[in-house]
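Please examine the fold shown below before reading on.

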Amino acid sequence: MHDQREARADATSRDLSRLSLNTATTKRWTLREAVDGAVRAGLSSIGPWRDRVQEVGAVEAARIIQDAGLRVSSLCRGGFLTTDDDAAARAALDDNRRAIVEAATLGTRELVMVVGGLPAASAPGGPALPYPARGVDDPARDLVAARQRVADRIGELAPFAAGHGVRLVLEPLHPMFAADRAVISTLGQALDVAEPFPAEVVGVVVDTYHVWWDPDLRRQIARAGAAGRIAGYQVCDWILPLASDPLLSRGHVGDGYVDFAAITRWVRDAGYTGDVEVEIFHESVWSAPGDQTLATMAERYVRHVLPHL
């Protein structure tokens, strides 16, 4: 009897049923390789990026994932809605509609939205476009207007998403990405954009890398939970020194500065019971053997996240 109790306790302590592999973490694996790796690691879900889905097409991607017995925790990503050019805006909306259809085809309700940076950005991670002539206002650097365009375009996409049973999941990014990737920097800002829409149509994701620093985080997580808007929980660590490209400065859980115990408890207490995705962008992680990365993922999840869920 004692041995059986120990076996059950060990099984509980290794429960990976909510741990999901975001395919950005194993960037050099194809979708099929990522699916097979997730199965070998004992995971129950996977969060694919659209590039991996588009390698084989959404229908085939759905078949690969379903045949492996996995569920899809989310699809990354839609968004980039801040352009002030009419033709570019139409193209962005069309691409987001395609992303919504892909999410529905994969069988996930959650489409993560990285909303986009300022129109002054030449590209994500690229240099700024030149200022206009002296003494002229520059709408390409108008942060308030860019955020309003996000809200307006979410409003345009919401009925289409609702018709496909997909939720637009707003992801606030750390303020250092406000220029080129996301003019929404805090969970509170994301919730303000989401508030006019039903919770099943527009939600938010809590990504520890992007929001760990926010002094209002606990209150905003509680606010999100009370409104039923927490659509995802993504975990990775904030490590130093930052890479020359700050986007590639994420680390394995437990390698940096994030208080996973506190944030996980806040997410738990807010009522979130969904998957926990590990999403890491770092060259050393991408260069490691994929199975080694998943083993580290699982060990760190069990040690630093699972006890607080």
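The description begins with the conventions and then turns to the sheet.

This is a predicted model, in which local features need pLDDT of at least 70 and side-chain atom pairs count only at pLDDT 80 or more, while totals for chains, interfaces and linings use all residues. Residues are numbered from 1 along each chain as its sequence is written, and side-chain values use heavy atoms, with hydrogens and water left out. Helices (H or I, at least four residues) and strands (E, at least two) are DSSP runs numbered from the N terminus.

Nine strands make up an open sheet with parallel pairing, and their order is 3-2-1-11-8-7-6-5-4. Two strands pair if DSSP finds at least two bridges between them. At the edges stand strand 3 (71-72) and strand 4 (75-79), each of which pairs on one side only. Within the sheet, strand 7 (residues 202-207) and strand 8 (residues 230-235) are joined by four bridges in the parallel sense. Val-206 stands opposite Tyr-233 of strand 8. Helix 10 (residues 260-269) packs on the sheet and touches strand 7 and strand 8, with its direction at about 165° to that of strand 8. Contact here means heavy atoms within 4.5 Å. Axes are lines fitted to C-alpha atoms, for helices over the stretch in contact, and angles run from 0 to 180 degrees between N-to-C directions.

Which residues of helix 10 are buried? They are Phe-260, Ala-261, Ala-262, Ile-263, Thr-264 and Val-267. Buried means under 20% relative accessible area, exposed means over 50%, and partly exposed lies in between (1.4 Å probe, protein chains only). These buried residues pack against strand 7, helix 8 (208-211), helix 9 (217-226), strand 8, strand 9 and helix 12 (290-304). Just after helix 10, Gly-271 adopts a positive phi of about 100°.

The helix pairs come next. Two packed helices are described by the angle between their axes and the distance between the axes. For helix 4 (residues 58-67) and helix 5 (residues 86-106), the axes come within 8 Å and cross at roughly 30°. Helix 4 and helix 5 are therefore roughly parallel; angles under 35 degrees count as roughly parallel, over 145 as roughly antiparallel, 65 to 115 as roughly perpendicular and the rest as oblique. The crossing of helix 4 and helix 5 is right-handed. A crossing is right-handed if the near helix is turned clockwise from the far one by less than a right angle, and left-handed if anticlockwise. Helix 4 contributes Ala-58, Val-59, Ala-61, Ala-62, Ile-65 and Gln-66 to the contact, and helix 5 contributes Glu-102, Thr-105 and Leu-106. By class, the residues in this contact of helix 4 with helix 5 are six nonpolar, two polar and one charged. Ala, Val, Leu, Ile, Met, Phe, Trp, Tyr, Cys and Pro count as nonpolar, Asp, Glu, Lys and Arg as charged, and the others, Gly among them, as polar.

Helix 4 also meets helix 2 (residues 31-40): their axes come within 10 Å and cross at roughly 15°. Helix 2 is thus roughly parallel to helix 4, and their crossing is right-handed. Leu-31, Arg-32 and Val-35 of helix 2 meet Glu-60, Ala-61, Arg-63, Ile-64 and Ile-65 of helix 4. The contact of helix 2 with helix 4 comprises five nonpolar, no polar and three charged residues.

In a further pair, the axes of helix 7 and helix 9 come within 9 Å and cross at roughly 25°. Helix 7 and helix 9 are therefore roughly parallel, and helix 7 passes helix 9 in a left-handed crossing. On helix 7, Leu-187, Gly-188, Leu-191 and Asp-192 face Leu-217, Gln-220, Ile-221, Arg-223 and Ala-224 of helix 9 in the contact.

Several local features remain. A cis peptide bond with omega of about -10° joins Cys-76 and Arg-77, and Arg-77 is found in strand 4. Another cis peptide bond runs from Leu-240 to Pro-241, with omega near 0°. Phe-80, although not a glycine, has a positive phi of about 55°; Phe-80 lies in the loop between strand 4 and helix 5. Is Glu-171 buried or exposed? Glu-171 is buried, with a relative accessible area of 4%, and its place is in the loop between strand 6 (167-170) and helix 7 (187-194).
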